[in-house]
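Welcome! Here is a short briefing to read alongside the structure, one topic at a time.

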Amino acid sequence: MIFLLLGVLALVIGGCVCVVWAERGGPRWVRVVAALTRGAGELVSSAQKSRGRGGSGDTDDD
């Protein structure tokens with residue numbers, strides 16, 4: 001299990017590095033990886049937002 005988590009962490013860090021490198025004008029493959037990383041981040045963000053609006057009852061909206 002720890003190796004799976006370390007692998008995911010390595011992918012996340014690598015994606016962030018590619019985003020920064022692409023902003024500085026990296027090669028094409030870096031721009032592709034950066035676009036995939038941004039897209040995955042937007043998917044996760046939108047999933048969390050829609051999950052929060054679902055009214056599941058476990059939110060603290062005091």
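Let's start at Gly26, which touches Trp21 and Arg31 when residues up to four places away in sequence are left out. Keep in mind that this is a predicted model. Gly26 lies in the loop between helix 1 and helix 2, and Gly26 counts as buried because its relative accessible area is 6%, under the 20% cut-off.

**The overall layout**
- How many helices and strands does the protein have? There are 2 helices and 0 strands.
- The protein has 62 residues, and 11% of them count as buried.

- In soluble globular proteins, nonpolar side chains tend to be buried together.
- Here, the largest nonpolar core is made of 5 residues, namely Cys18, Val19, Ala22, Val30 and Ala34.
- Two elements each give two or more residues to this core: helix 1, which covers 2–23, and helix 2, which covers 28–52.
- Which helix gives the most to this core? It is helix 1, with 3 residues.
- Val19, one of the core residues, touches Ala34, Thr37 and Arg38, again leaving out residues up to four places away in sequence.

**A nonpolar patch on the surface**
- Nonpolar residues also turn up on the outside: Met1, Ile2, Phe3, Leu4, Leu5, Leu6, Val8, Leu9, Val12, Ile13 and Val17 form a surface patch.
- Together, the residues of this patch have about 1,200 Å² of accessible area.
- To find one member of the patch, look for Leu5, which sits in helix 1.

**The cysteines**
- How many disulfides are there? The count is 0.
- A disulfide needs two cysteine sulfur atoms within 2.5 Å. For Cys16, the nearest cysteine sulfur belongs to Cys18 and is 9.4 Å away, so Cys16 is in no disulfide.
- Is Cys18 buried or exposed? Cys18 is buried, because its relative accessible area is 9%.
- Cys16, by contrast, counts as partly exposed, because its relative accessibility is 44%, which lies between the 20% and 50% cut-offs.
- Cys18 also belongs to the largest nonpolar core described above.

Note on methods: Residues numbered from 1 in each chain as written. Predicted model: local features only at pLDDT ≥ 70, side-chain atom pairs only at ≥ 80, totals over all residues. Heavy atoms only, no water. Buried < 20%, exposed > 50% of the residue type's maximum accessible area, 1.4 Å probe, protein only. Core = buried A, V, L, I, M, F, W, Y, C linked by side-chain atoms within 4.5 Å. Helix = DSSP H or I, 4+ residues; strand = E, 2+ residues; numbered from the N terminus. Contact = heavy atoms within 4.5 Å. Patch = residues over 30% accessible without salt bridge, like charges linked within 9 Å, V, L, I, M, F, W, Y side chains within 5 Å. Areas by Shrake-Rupley, 256 points an atom, 1.4 Å probe, with all protein chains shown as cover. Salt bridge = Lys/Arg side-chain N within 4 Å of Asp/Glu carboxyl O.
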